Amino acid sequence: LWAKILTGEDFEVTVADSLDVLRDAAFMAELNVVTPIWTMGTIEADQFEGLQKAVASGVGLAGWHGGMADAFREHLGYQFMVGGQFMDHPDGLKGYEVNILDTGDLITAGIENFAVHSEQYYMHTDPGNEVLATTTFTTKSKPWVNGTVMPVVWKRKWGAGRIFYSSLGHQVKEFDNVSVREIQLR
């Protein structure tokens, strides 16, 4: 679906079903942005090195939900680059509110607070992230996190590269929500 959406926005899209492309420095250098959709799994040292070098040189890294922040759990360098790591989603799929913090940023301009029905991600996040949207936890299964304000959308720099992450998008139909879709497109 996302490749179709990006193609519709005049992006030239290449889909790879293997992390081996990350080793190809010439290929990686030609990209504008990498959108990982790789939940869990492992990344080999030279694959991460290829991705990290490309991003540091100016290639963007933009993703969502578990496809980016629940990938490569054992690789601290990847988590450091992304700016966060999924920990849990108390109560599973549920309704919650996304609060826009920065209405002046190009990613969130004109978007107001909105409701979603998704997994509300509890994450470990880097305090250096530029947080654009948050959510506040109210759970039944893990009441000790109630009241926690958690980043939902952030951006950050990695060398010359820009990183973007959104914890929204567990199910494809969540991109039918105009706010979810627009944030990810931007």
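**Ground rules.** I worked from a predicted model, in which local features need pLDDT of at least 70 and side-chain atom pairs count only at pLDDT 80 or more, while totals for chains, interfaces and linings use all residues. I numbered residues from 1 along each chain as its sequence is written, and side-chain values use heavy atoms, with hydrogens and water left out.

**Helix 3.** I took helices (H or I, at least four residues) and strands (E, at least two) as DSSP runs, numbered from the N terminus. Helix 3 covers residues 45-56, and its 12 residues reach 16 Å from first C-alpha to last, close to the 16 Å expected at 1.5 Å a residue (the expected span being 1.5 Å times one less than the number of residues). I then listed its buried residues, which are Gln47, Phe48, Gly50, Leu51, Gln52, Ala54 and Val55; buried means under 20% relative accessible area, exposed over 50%, and partly exposed in between, with a 1.4 Å probe and protein chains only. Among the elements that cover these buried residues I noted helix 2 (25-29), strand 2 (60-64), helix 5 (76-82) and strand 8 (149-158), where contact means heavy atoms within 4.5 Å. Just after helix 3, Gly58 takes a positive phi of about 130°.

**Pockets.** I used a 1 Å grid over the protein atoms alone, on which a pocket is an open set of points where a 1.4 Å probe fits, with protein on both sides within 12 Å along at least five of seven lines, and lining residues have an atom within 4 Å of a point. Grid points are joined across faces, edges and corners, and a volume is the space filled by probe spheres set on the points.

The largest pocket has a volume of about 800 Å³. It is lined by 28 residues, of which Thr14, Val15, Val33, Val34 and Thr35 are the closest to its centre. Helix 1 gives the largest share of this lining, three residues, and the lining divides into 22 nonpolar, four polar and two charged residues. Here Ala, Val, Leu, Ile, Met, Phe, Trp, Tyr, Cys and Pro count as nonpolar, Asp, Glu, Lys and Arg as charged, and the others, Gly among them, as polar.

The second largest pocket has a volume of about 620 Å³. Of its 25 lining residues, Val33, Ala62, Arg162, Phe164 and Arg186 are the closest to the centre, and the lining divides into 12 nonpolar, six polar and seven charged residues.

I found Gln79 in helix 5, where it is buried at a relative accessible area of 15%. A polar atom of the Gln79 side chain lies 2.5 Å from the backbone oxygen of Arg73. Phe114, in strand 5 (residues 114-119), is buried at 8%. Beyond four places in sequence, its contacts include Tyr96, Ile100, Leu168 and Asn177; Phe114 and Asn177 are 63 residues apart in sequence, yet 9.3 Å apart in space, C-alpha to C-alpha.

**Positive phi.** I kept in mind that most residues other than glycine have a negative phi. Met40, in the loop between strand 1 and helix 3, has a positive phi of about 60° although it is not a glycine, and it is partly exposed at 42%. Asp91, in the loop between strand 3 (84-88) and strand 4 (93-100), has a phi near 75° and is partly exposed at 33%.

Definitions and conventions: Polar contact = N/O pair within 3.5 Å; in protein donor to acceptor, adjacent residues only side chain to side chain.
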